[in-house]
Structures are given as C-alpha cells and as structure tokens.
Amino acid sequence: QVQLVESGGGLVQPGGSLRLSCAASGNIFTIGDMGWYRQPPGKQRELVATITSGGNINYADSVKGRFTISRDNAKNTVLLQMDNLKPEDTGVYYCNAQALRAGDYRYREVWGQGTLVTVSS
C-alpha cells in the first residue's frame with residue numbers, strides 16, 4: 001500500500017500565507033504526477049495545481065501568481081506554498097499522486113486524508 005499524509009493546514013487571515021506538505025510512504029517503486037486539489041464548502045472537489053516527475057506544472061487560473069507547487073522526487077514529497085490567501089481559498093485540501101508500487105505493473109491513484117484551510121478575518 002501507498003499512503004499520502006498531508007500537513008500544514010489551519011486558520012489564516014486574508015492576505016496571509018500557508019504552506020502545505022504531503023509525503024508519500026509505503027511500498028513505492030516510483031511516483032508519477034503529484035498534485036493538490038481542494039473542496040470548498042458545499043462544492044465539488046477541484047484542481048489546484050499539479051506537477052509531473054519532470055517538473056512540468058499546471059495551475060488553476062484562480063491560484064496563478066499566488067500559489068507555488070514544488071516536489072522533491074528523492075523524498076516523494078510535494079509542497080504547496082500559498083500566498084495572498086483569499087476567503088474563497090477556504091476548503092479541504094487533498095494531496096494526490098500516481099504511484100507505482102514495487103511489483104505492480106501500473107500506476108494507481110492515491111489520495112491523502114485532506115487538511116482544512118480556512119481563510120477568514
């Protein structure tokens with residue numbers, strides 16, 4: 001099994017910053033694409049940002065210029081630096097990864113348990 005564990009959520013005022021971290025562990029051979037998704041209250045889960053193992057990045061338009069995704073392939077971790085946070089950034093943030101387990105033949109999608117980010121004054 002492969003597990004993703006997130007950390008770094010919390011309460012922050014508008015204009016503030018938070019940094020989310022996600023670490024993959026378990027029976028890992030290699031990790032492919034990694035990313036962050038969020039689910040605002042009462043809404044569906046949506047993409048925030050993704051990053052390939054080669055470093056290609058994709059951001060949702062709503063976070064471009066404010067959020068920065070990065071990863072450490074050696075440590076199987078992905079980070080999300082969130083600056084100039086807005087109330088509409090509030091939601092549960094989920095880490096996502098495509099993981100190839102040792103002895104397996106295809107990548108499988110894995111989700112973290114989620115971490116709550118609340119932007120409010």
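This report describes the disulfide, the nonpolar core, the ring contacts and several loop residues of one predicted model.

## Basis of the values

The model is predicted, and local features need pLDDT of at least 70, side-chain atom pairs count only at pLDDT 80 or more, and totals for chains, interfaces and linings use all residues. Residues are numbered from 1 along each chain as its sequence is written, and side-chain values use heavy atoms, with hydrogens and water left out.

## The disulfide

The structure has 1 disulfide, a term for a pair of cysteine sulfur atoms within 2.5 Å. Cys22 is joined to Cys95, with an S to S distance of 2.1 Å. The link is left-handed, at -80° about the S-S bond. Because Cys22 belongs to strand β3 and Cys95 to strand β9, the bond ties together parts that are 73 residues apart in sequence. Strands are DSSP runs (E, at least two residues), numbered from the N terminus.

Both ends of the link are described by relative accessible area, where buried means under 20%, exposed over 50%, and partly exposed in between (1.4 Å probe, protein chains only). Cys22 is buried at 0%, and Cys95 is likewise buried at 0%. Contact means heavy atoms within 4.5 Å. Apart from residues up to four places away in sequence, Cys22 touches Leu4, Val5, Glu6, Trp36, Asn76, Thr77, Val78 and Cys95. By contrast, the C-alpha atoms of Cys22 and Pro87 are 23 Å apart in space, the two residues being 65 apart in sequence.

## The nonpolar core

In soluble globular proteins, nonpolar side chains tend to be buried together. A nonpolar core is here a set of buried Ala, Val, Leu, Ile, Met, Phe, Trp, Tyr and Cys residues joined through side-chain atoms within 4.5 Å. The largest such core contains 29 residues, and those with the most contacts inside it are Trp36, Leu80, Met82 and Tyr93. Two or more residues each come from β1 (2–7), β3 (18–26), β4, β5 (46–51), β7 (67–72), β8 (77–82), β9 (91–101) and β11 (115–119).

Met82 has contacts beyond four places in sequence with Gly16, Ser17, Leu18, Leu20, Arg66, Phe67, Tyr93 and Val117. Val117, in strand β11, is buried at 0% relative accessibility. With neighbours within four places set aside, Val117 is in contact with Gly9, Gly10, Leu18, Leu20, Met82, Asp89, Thr90, Gly91 and Tyr93. The C-alpha atoms of Val117 and Val12 are separated by 7.9 Å, although these residues are 105 apart along the chain.

The structure holds 1 aromatic pair. Tyr37 and Trp111 form this pair, which is edge-to-face, with 5.1 Å centre to centre and 65° between the planes. Rings of Phe, Tyr and Trp (its six-membered ring) pair if their centres lie within 6.5 Å; planes under 30 degrees apart count as stacked, over 60 as edge-to-face and the rest as tilted. Distant parts of the chain are linked by the pair: Tyr37 is in strand β4 (residues 28–39) and Trp111 in strand β10 (residues 108–111), 74 residues apart. Trp111 is partly exposed, at 32% relative accessible area.

Arg45 lies over the face of Trp111, at 4.5 Å from the ring centre. The charged end of Arg45 also sits over the ring of Tyr94, 3.8 Å from its centre. A charge sits over a ring if NZ of Lys or CZ of Arg is within 6 Å of the ring centre and within 35 degrees of the ring normal.

## Loop residues

Asp89 is located in the loop between β8 and β9 and is buried, with 1% relative accessibility. Its side chain makes polar contacts with the side chains of Arg38 (2.9 Å) and Arg66 (2.7 Å). A polar contact is a pair of N or O atoms within 3.5 Å; within protein, one must be able to donate a hydrogen and the other to accept it, and residues adjacent in sequence count only if both atoms are side-chain atoms. Beyond four places in sequence, Asp89 is in contact with Arg38, Arg66, Phe67, Asn84, Val117 and Val119.

Asn84 also lies in the loop between β8 and β9. This residue is partly exposed at 43%, and its phi is near 50°, a positive value in a residue other than glycine. Asn76, in the loop between β7 and β8, has a positive phi near 55° and is buried at 19% relative accessibility.

Technical notes: Helices (H or I, at least four residues) and strands (E, at least two) are DSSP runs, numbered from the N terminus.
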